[in-house]
Amino acid sequence: MQQSVKNQRLLGEEDVENIRILYRSSLIPSLLMLLYGLGALWLLRDSSQFAWLLGWFAVLICLVTLRFISVIAFERRSVEEQASPLWWYLLLAGACVSGFSLSVVPVFFLPEADFNRQIVLLGLASLVLASACIAYAMSFFTFLGYAACAFIPMTWIYLRSDSDVLHSLGMLTAIYFFALTTAAWQVNRLFYKGIEQRRKKEQLICTLREEQQHSTALNAQLTSEIAKKEIAEQQLLAVQADLEKGVNARTVELQQALHALEKSQERLELALDASQLALWDWDLVSDKILHTRTESIFGLENERIHGVLTDLRPLLHPDDLPVLRNAMIEHLKQRTEGYAVEYRIKHHNGHWVWIEDRGRAIERDKSGRVLRMLGTRRDISARKKRDEELRLASSVFDAGTEGIVILDSEYNILTVNKSFTTVTGYSRAEVLGQNVMLQATNKEISRQYQKIRLGIEQDGSWQGEVLAARKNGELYPQWLQINVVRNEHNRLTHIVAFFTDLTARRKAEERLSYLTQYDELTGLANRSLFHKRLQRAVEQARKTSGAMALLQIDLDRFKVLNDSLGIEVADQVLRQISRRLSQLLPEAHTVARLGGNEFAVILDNGATTATLARLCALILTRIRLPIEVAGEELIISASIGVSLLPDNSREPASLISQGHVAMQHAKHLGGNNFQFYNDQLQAGTLERLQLEQQLRRAIEEGQLEAYYQPKLSLSDGKIRSAEVLVRWNHPQLGLVPPGEFIPLAEETGLITDISELMLLQACEQALSWLNQGMPTRVSVNLSVSHVRQGRLVLLVRQVLQQTGLPAHLLELELTESQLLENADSVIATFKQLREIGVFLAIDDFGTGYSSLSYLKRFPANSVKIDQSFIRDVAENEEDAAITRAIITMAHGLNLLVTAEGVETQAQMDFLKANHCDEIQGYLISRPVPAAQLTEFLISHHAQLMG
């Protein structure tokens, strides 16, 4: 009887304790309800029912306040008062009211169409219900009342909605309600099962205590009641047997539990092996770590990894260390619920392994410092490699210059790349899901698509040129290549199309075709098209027995313009000349630019010679009109050569050759004129060609000889220098005048070789005179090509070194006009020659357009007055004034003055009276060979001495 009373009191105390726990834990969902209310207020702050919502929140605050009051009131009651069933009913009622308050906002205040807010509020409500599941775990009916009042109204509203989305949300809410209810029921069952086990244990302990007391009583009775010994022993043995039985039963239970734990551990290990996860347990105080699967991840045995900081940190990739550190610090400071990061670590074999690391702190001290962490780690290198391959494939897909379209088996567009949108103008969103067979904009494209589809079905691929349309309706040519993709059952799953916009290629082909026939600069026919049209014109003239003319036009001195003003200015001049020719000759068969500054005109209208002459004169007049280019006014002249069919030739090649000969003859006559071809021109051309070949041979065979013309010093009558002049001793023709071959030499570039030959002969002869006691400076005329080539100083050094002639006995002459062609280069070259000791002279002074600013910069020793001023200096006051001015100016610049072409005593007297330094001319001596000049020097020296 006493045992029964004790058990009843014990059960009552346990119920009171459960109620106390329920009241305290109910505060958690109450506080979360306040957060839910605040979230609802924020989400619906723009609602028209916001005032009613504030009222609801006020009621919610009252309910939470009442909850706190009820907890305080319960705590202040006695144990007997706390055991009253009233407290159970108050708890249940409060839970139902609280649960219903959760559903008020979705049911009454939130529009059904506002799906996003419904999801947010449902998430908040789920959080509150999850906390309620834990808080009311000891009372399943209390939780059921709370959850039912919260979920059933919301679920009912969602399920009755016409919206499929809200209907699905209602189903999800219902499922969540039943899942949460099931979880709460399981938690409640486990809780009461634990309580029941605890009760049994307490009963067992109580029984053991009672048995111990009973044994003590028996032991006490043994001393006083020996007679009852056997009874006491039997009772003791019985109790002992029961105890052993209980212990054995408990041992069996423990063994079963241990076996179940081992089975669970085996399943865990199998699961970890299947997922390739490695477990780690890190003691942050000692830095020791327990790790599984170290060999498969790190290539190291477990025994070689003892600490995170000592063994694992040195293996981390330097670039990933900041990421790992930040993730770890965020978790240690409780800013994240878990620690998760991906990083690279160095494998024992030397390669880098990608690791996915997850974990959380499971033990902290009172100050919140983490003492222990537990987590998993796995190798994700394969996944990273796949991700990189996918990223690369995606980049290649989008970066490709060809348009790419991927279709399903029904020709619906699944995806396109960027080139597709660039070429077609359609965005990706506009074409996804569209059927290409239904997008044909005209019948031609529709027929193409049907032909393509038939080819794909028969051959599995197709390629060719098609016509396609852009978004703006523009049609464009397209090269299309299509292939199909099949699965393992050989069924068609996808269709991949590659296409290239041929618009640019077509334009390039058209442009190339144009450039092969027309001159890009002027737009006129080029040489190739000119030859084709000339051939057709000649053939047509032969058939019709008609006549035609070919005009070849070459701009005079165009190279000088090109070199001095630049290519851009020259190109503008060519464009304007071409425009003038096209406007002047609209009826011409062809106007062409053959190259450079050479043009050609084909006239097939049978014009007479007189008409052609007037036309050529008109062309020359039109070309000579001033041209404004780059702020400069230019006047260009031209030379025209005319060849006629059938008068001159009946073959295109002959017409071209004859026209060129006539044009060259026009240039030879000074330019700015036209010439008709005749047989005499051909003969003159042949003569010039023969003379050029003979001159080349003369240079090689030594037929050129240096002649010398002495210079007389007017101050003392001595001869101190002589000019070197070239003469050609032709084996058949005798002495060829310089005027016949010097222009040809300058035109062909042979003047350079001739100048070098004369320089060598003159230095050798000057050295001979020096050795004879007659030091005479030799003056050699230079070609400007030496200066242009930049090898004049080197040439002079070599000749002086080769002959041994002192530098002061060599004088180099360059005409005034040649000096000004490239003034800066000539000045630099003359300075180097002056440093060597060579004398320098400016020849033909006064005939050019020299600037005094340039003249004072030239490091010359002397100037030579051109004979055009000396010829009439005694009779013509203007020539006399110019000559006096030149002498005065030259002396002012510390230059010696030499007068050329002095042939009379009157000229000599004038020059001497005006303090000219030297004279040169027939009055002193004609140019003579070296031997004759030697005799002259000896004779002249003897006269001075006598």
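Modeller: Helices (H or I, at least four residues) and strands (E, at least two) are DSSP runs, numbered from the N terminus. This is a predicted model, where local features need pLDDT of at least 70, side-chain atom pairs count only at pLDDT 80 or more, and totals for chains, interfaces and linings use all residues. Residues are numbered from 1 along each chain as its sequence is written, and side-chain values use heavy atoms, leaving out hydrogens and water.

Biologist: Is Gln478 buried or exposed?

Modeller: Buried means under 20% relative accessible area, exposed over 50%, and partly exposed in between (1.4 Å probe, protein chains only). Gln478 has 8% relative accessibility, so it counts as buried.

Biologist: With which side chain does the side chain of Gln478 make a polar contact?

Modeller: A polar contact is a pair of N or O atoms within 3.5 Å; within protein, one must be able to donate a hydrogen and the other to accept it, and residues adjacent in sequence count only if both atoms are side-chain atoms. At 2.9 Å, the partner of Gln478 is the side chain of Tyr476.

Biologist: How do helix 19 and helix 20 lie, and what is that arrangement called?

Modeller: Axes are lines fitted to C-alpha atoms, for helices over the stretch in contact, and angles run from 0 to 180 degrees between N-to-C directions. Helix 19 (residues 558-565) packs on helix 20 with axes 6 Å apart, at an angle of about 135°. Angles under 35 degrees count as roughly parallel, over 145 as roughly antiparallel, 65 to 115 as roughly perpendicular and the rest as oblique. Helix 19 is therefore, relative to helix 20, oblique.
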